[in-house]
Amino acid sequence: MMFLSQLNDLEFWSTDIGNAYLESKTAEKVHIIAGPEFGELEGHLLVIKKALYGLRTSGQRWHDRLFDCLASLGFNPCKAEPDIWMRDAGDCCEYIAVYVDDLAIAMKDPQSLIDQLTSEPFKFKLKGTGPISFHLGMDIYIDDDGVMCMAPQKYIEKMVAN
């Protein structure tokens, strides 16, 4: 996608969807007995409706929710890599690469996608949105020759420090 964004003069952005699993509903019937932290509800049976980290199918429920969202915006999953989404933009394609709740976006106008994701009907809470500089442990930058590069510099520094 980095290459395609440079080749087609697309902006390359990233964003993270906050509390992604809570954006989808659980498929299981899950309940808990409220503890003292629930105050007056202590001892009551509470039904869990949102997917939570740790439930068996929460990852799948989130993936299904994001699938429906991106499909409704005109994106289709790549046949070779289903977590790369594409849509025709006239003279080129636009792309979204998905890793759980982290998105890398190669588009002519990525802000328009961000606006759609944060408004009705999705209302996702996004963080770290903007031109890509760090994604999935990799520093991404333009070198002195104008070439987009990626390097795990921060990751290596952290490992050396440890």
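**Salt bridges and a surface patch**

Guide: At 56% relative accessibility, Glu120 counts as exposed, because the cut-off for exposed is over 50%. Keep in mind that this is a predicted model.

Visitor: Which side chain does Glu120 meet in a salt bridge?

Guide: Glu120 pairs with Lys123, at 3.1 Å from N to O.

Visitor: How many salt bridges does the structure hold?

Guide: There are five. One of them joins the side chains of Asp91 and Lys108, with an N to O distance of 2.5 Å.

Visitor: Where do Asp91 and Lys108 lie?

Guide: Asp91 is in the loop between β5 (84-88) and β6 (93-99), and Lys108 is in the loop between β7 (102-107) and α3 (110-118), so the pair ties together parts that are 17 residues apart in sequence. Asp91 counts as exposed at 64% relative accessibility, while Lys108 is partly exposed at 39%.

Visitor: And Arg61, what is the N to O distance in its salt bridge with Asp64?

Guide: That distance is 3.0 Å. Arg61 and Asp64 are three residues apart in helix α2 (residues 58-72), so about one helical turn separates them. Both are partly exposed: Arg61 has 22% relative accessibility and Asp64 has 28%.

Visitor: Changing topic: which residues form the nonpolar patch on the surface?

Guide: Tyr155, Ile156, Met159 and Val160 do, with about 440 Å² of accessible area together.

Visitor: Which helix does Tyr155 lie in?

Guide: Tyr155 belongs to helix α4, residues 153-161. With 47% relative accessibility, Tyr155 counts as partly exposed.

Methods:
Residues are numbered from 1 along each chain as its sequence is written. This is a predicted model: local features need pLDDT of at least 70, side-chain atom pairs count only at pLDDT 80 or more; totals for chains, interfaces and linings use all residues. Side-chain values use heavy atoms; hydrogens and water are left out. Patches are made of residues with over 30% relative accessible area and no salt bridge: like charges are joined within 9 Å, nonpolar side chains (Val, Leu, Ile, Met, Phe, Trp, Tyr) within 5 Å. Accessible areas come from the Shrake-Rupley method with a 1.4 Å probe; for residues, only the protein chains shown count as cover. A salt bridge is a side-chain nitrogen of Lys or Arg within 4 Å of a carboxyl oxygen of Asp or Glu. Helices (H or I, at least four residues) and strands (E, at least two) are DSSP runs, numbered from the N terminus. Buried means under 20% relative accessible area, exposed over 50%, partly exposed in between (1.4 Å probe, protein chains only).
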